[in-house]
Amino acid sequence: MDIATLRQEHADHWMKAAAIRALAMDAVQAANSGHPGMPMGMADVATVLFGGHLKFDASAPRWADRDRFILSAGHGSMLIYALLHLTGYEDVTLDQIRAFRQWGAITAGHPEYGHVAGVETTTGPLGQGIANAVGFAIAEESLRARFGRKVVDHHTWVIAGDGCLMEGISQEAIGLAGMQKLSKLVVLWDNNNISIDGKISLSDITDQRARFAASGWRVLSCDGHDPADIDRALTEARTSDRPVLVDCKTHIGFGSPKKQDSAGAHGSPLGPDEIRATKEIYGWPHDAFEIPTGILKAWRAIGKRGAAARKEWEGRLAALPPARRAEFERQMAGDAPKRLSATIRALKKQNSDAKPKVATRKASELVLEVVNPVMPETIGGSADLSGSNLTRTGDLGVFNPENRKGRYIHYGIREHGMAAAMNGMVLHGGLRPYGGTFLCFTDYARGAMRLSALMGVPTVYVMTHDSIGLGEDGPTHQPVEHLAICRATPNTWTFRPADLIETAEAWELALTSGTTPSVLALSRQNLPTVRTLHTARNLTAQGAYVLREAEGRRQAILMATGSEVEIALAARDLLQAGGIGTRVVSMPCMELFAAQPESYRRKVLPAGPVRVAVEAAARQPWDRWLLGERGREAKAAFVGMEGFGASAPAERLYKEFGITAEAVAAKVKALL
């Protein structure tokens with residue numbers, strides 16, 4: 001539909017959509033940076049969606065049963081900022097629109113969760129939003145099954161572009177969504193055939209509609225500039241029994257005389273002259289950032305449209321039995337149940353006495369066996385490695401279209417999609433997801449793991465087979481640099497527990513975290529219990545602690561994590577037998593240790609003794625503890641990996657790579 005016809009036949013709609021377009025053009029021009037073309041192209045679709053289909057109340061951005069709107073094509077951020085301002089979200093003022101992409105503004109270059117009410121997830125890295133949305137839709141299905149339609153019954157709407165659909169994560173996401181028949185997930189494809197380099201045909205010939213259909217989706221289409229046709233498609237999408245793709249055929253930079261349908265509208269301002277010419281075509285004779293009172297009033301009415309539905313929902317929630325209502329509110333708030341701490345303490349006491357020798361992946365399973373019954377909000381899964389990750393406990397049941405009360409998801413070989421979906425579940429609220437794969441395959445999940453940290457959401461990554469100790473699968477599966485990568489990521493807790501006790505403590509911290517994701521790096525091989533003296537206090541929360549004190553004058557400090565704590569303890573025995581007083585420090589979480597007061601760190605790592613760190617991984621993250629914190633190079637050494645691993649049994653690998661008690665003791669003696 002052309003602009004002249006739109007202005008004549010759909011005048012009210014046209015002016016509301018033109019307000020979005022004008023704000024997008026003006027803000028990008030003022031910032032001299034941004035992407036005006038996508039908001040200009042999708043303004044008609046967004047206007048119809050917000051005006052007649054999206055269940056929301058601008059005065060209550062966190063209403064639990066609101067529809068979720070996700071702008072997966074996050075470069076078009078001015079679309080969502082304009083919508084939030086126009087519909088009356090309190091914090092998205094006109095001054096914030098004017099300050100688009102500037103220091104201190106909440107209107108960042110790409111939408112950021114936690115900065116702006118109404119932004120459900122951080123998008124920008126393409127494909128992440130559509131994959132997050134799968135998690136949102138899973139959370140809705142799970143909570144609806146447990147609490148009923150009167151409390152949970154909403155849709156997840158996504159605007160995705162060609163770039164989102166080209167990213168590999170999108171196939172992981174749509175394959176999972178199609179298999180799960182997530183009927184309340186609707187993706188609106190901004191089919192404008194343009195990316196930064198130019199026409200999509202430069203790089204892709206995929207039949208996207210056939211691709212989605214092959215993945216189990218219902219596929220609809222509409223003229224993305226015809227409000228009646230858009231409304232028809234969205235109405236039909238809401239009645240589907242499976243996820244829906246709506247192919248919205250649009251023009252990027254709609255109305256721009258020189259830049260419509262070109263890459264010139266994608267990633268740079270239109271320029272003052274082009275904006276003037278475009279506004280004239282729109283019939284928009286207003287100054288920059290000026291929204292006429294009547295148009296703003298119409299948009300604000302849309303923002304209030306959902307207030308009645310919200311109040312009705314609040315009444316239904318209030319009518320629930322008090323205990324059930326309190327449980328729903330607890331889970332949505334992300335608060336751990338009071339019983340969790342006592343459950344963890346009891347497990348620690350039992351196993352400090354029993355002293356089992358188990359792999360920490362098995363220890364993790366034993367923790368989950370007592371945690372999952374007291375935390376109905378946990379939802380586990382694995383990227384096709386359930387028998388290796390040991391993430392499924394017997395009480396969970398499988399989440400699938402036939403059993404929405406199931407709490408275990410078979411993600412298939414989709415590490416990236418799994419991680420992003422878990423982020424979506426946390427962001428939705430009401431679930432505590434955890435998912436497993438091998439630590440080496442954090443490489444495949446990395447984009448979503450970084451966003452967990454950036455957004456501050458406590459997703460739990462169960463990463464087993466954490467070193468060369470996995471053995472015969474060889475260097476393709478043996479992680480060497482991955483602990484360093486995880487530890488280098490801001491706002492991430494990387495736990496590498498030494499035994500079942502530390503594993504239980506790590507799980508307690510991960511499940512009570514509010515703003516930090518956790519990586520649990522767990523062994524394949526069996527490890528002895530090294531914490532044989534029960535303490536109710538969570539020592540892992542300190543990041544590092546003295547596991548064995550020196551006998552006699554302290555001359556050496558050995559630091560280790562995970563499976564190498566056993567080696568450090570054996571090295572201590574050798575050194576003590578030779579009269580060298582040796583302290584062993586277990587350091588299950590470097591990030592938490594770094595956060596401790598300097599006085600505590602000084603007690604654990606005092607000046608004077610030589611220091612040797614032992615870990616079957618790269619040295620890089622250890623230098624702070626070896627050379628800093630009162631250490632110095634002449635009195636420090638590292639025993640670990642300097643390259644990649646090899647294919648052989650674990651015992652042979654540790655010997656060949658020199659990660660042995662004898663090697664550690666020799667390092668200490670050489671330093672002394």
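This is a predicted model: local features need pLDDT of at least 70, side-chain atom pairs count only at pLDDT 80 or more; totals for chains, interfaces and linings use all residues.
Visitor: Okay, what share of the contacts in the protein with a separation of 6 or more comes from residues 24 or more positions apart?

Guide: Residues 24 or more positions apart make up 78% of those contacts.

Visitor: Now the inside. How much of the protein counts as buried?

Guide: Buried means under 20% relative accessible area. By that cut-off, 62% of the 672 residues are buried.

Visitor: Which residues touch the most other members of the largest nonpolar core?

Guide: Met78, Leu188 and Val246 do, in a core of 132 residues. The element that gives the most to this core is helix H2 (residues 11–31), with 12 residues. Apart from it lies another core, of 49 residues, including Tyr545, Leu558, Val614 and Tyr654.

Visitor: What is Leu188 in contact with, leaving aside its neighbours within four places in sequence?

Guide: Its partners are Met42, Val45, Leu49, Trp157, Val158, Ile159, Ala160, Leu234, Val246 and Cys248. You'll spot Val246 there, another of the residues that touch the most core members.

Visitor: Trp157 is in that list. Is Trp157 buried or exposed?

Guide: Trp157 has 0% relative accessibility, so it counts as buried. You'll find Trp157 in strand S2 (residues 156–161). Not counting residues up to four places away in sequence, Trp157 touches Leu49, His53, Leu54, Asp67, Arg68, Phe69, Ile70, Val186, Leu188, Leu234 and Arg238.

Visitor: Next, cavities. How do you look for gaps?

Guide: Rolling a probe the size of a water molecule over the atoms shows where empty space is left. Here, a search of the whole structure turns up 3 cavities of 30 Å³ or more.

Visitor: What is the volume of the largest cavity, and which residues are closest to its centre?

Guide: The largest cavity has a volume of about 100 Å³. It is lined by 13 residues, and the closest to its centre are Phe56, Asp67, Tyr89, Gly118 and Glu120. The lining divides into 8 nonpolar, 1 polar and 4 charged residues.

Visitor: Where is Glu120 found?

Guide: Glu120 is in the loop between helix H5 (94–98) and helix H6 (128–147). With a relative accessible area of 6%, Glu120 is buried. Among the residues in contact with Glu120 are Arg62, Arg66, Asp67, Arg68 and Leu427.

Visitor: And what lines the second largest cavity?

Guide: That one has a volume of about 50 Å³. Its lining is Arg446, Met449, Tyr461, Cys486, Thr489, Thr492, Pro517 and Val519, which divide into 5 nonpolar, 2 polar and 1 charged.

Visitor: Last topic: phi angles. What should I look for?

Guide: Most residues other than glycine have a negative phi. Asn193 has a positive value, near 65 degrees. Asn193 lies in the loop between strand S3 (185–191) and strand S4 (194–195), and at 29% relative accessibility Asn193 counts as partly exposed.

Visitor: What about His465: what is its phi?

Guide: His465 has a positive phi of about 55 degrees, although it is not a glycine. Look for His465 in the loop between strand S11 (460–464) and helix H20 (482–488). His465 is buried, with a relative accessible area of 4%.

Conventions:
Residues are numbered from 1 along each chain as its sequence is written. Side-chain values use heavy atoms; hydrogens and water are left out. A nonpolar core is a set of buried Ala, Val, Leu, Ile, Met, Phe, Trp, Tyr and Cys residues joined through side-chain atoms within 4.5 Å. Buried means under 20% relative accessible area, exposed over 50%, partly exposed in between (1.4 Å probe, protein chains only). Helices (H or I, at least four residues) and strands (E, at least two) are DSSP runs, numbered from the N terminus. Contact means heavy atoms within 4.5 Å. On a 1 Å grid over the protein atoms alone, a cavity is a set of points where a 1.4 Å probe fits but cannot get out, and a pocket is an open set with protein on both sides within 12 Å along at least five of seven lines; lining residues have an atom within 4 Å of a point. Grid points are joined across faces, edges and corners, and a volume is the space filled by probe spheres set on the points. Ala, Val, Leu, Ile, Met, Phe, Trp, Tyr, Cys and Pro count as nonpolar, Asp, Glu, Lys and Arg as charged, and the others, Gly among them, as polar.
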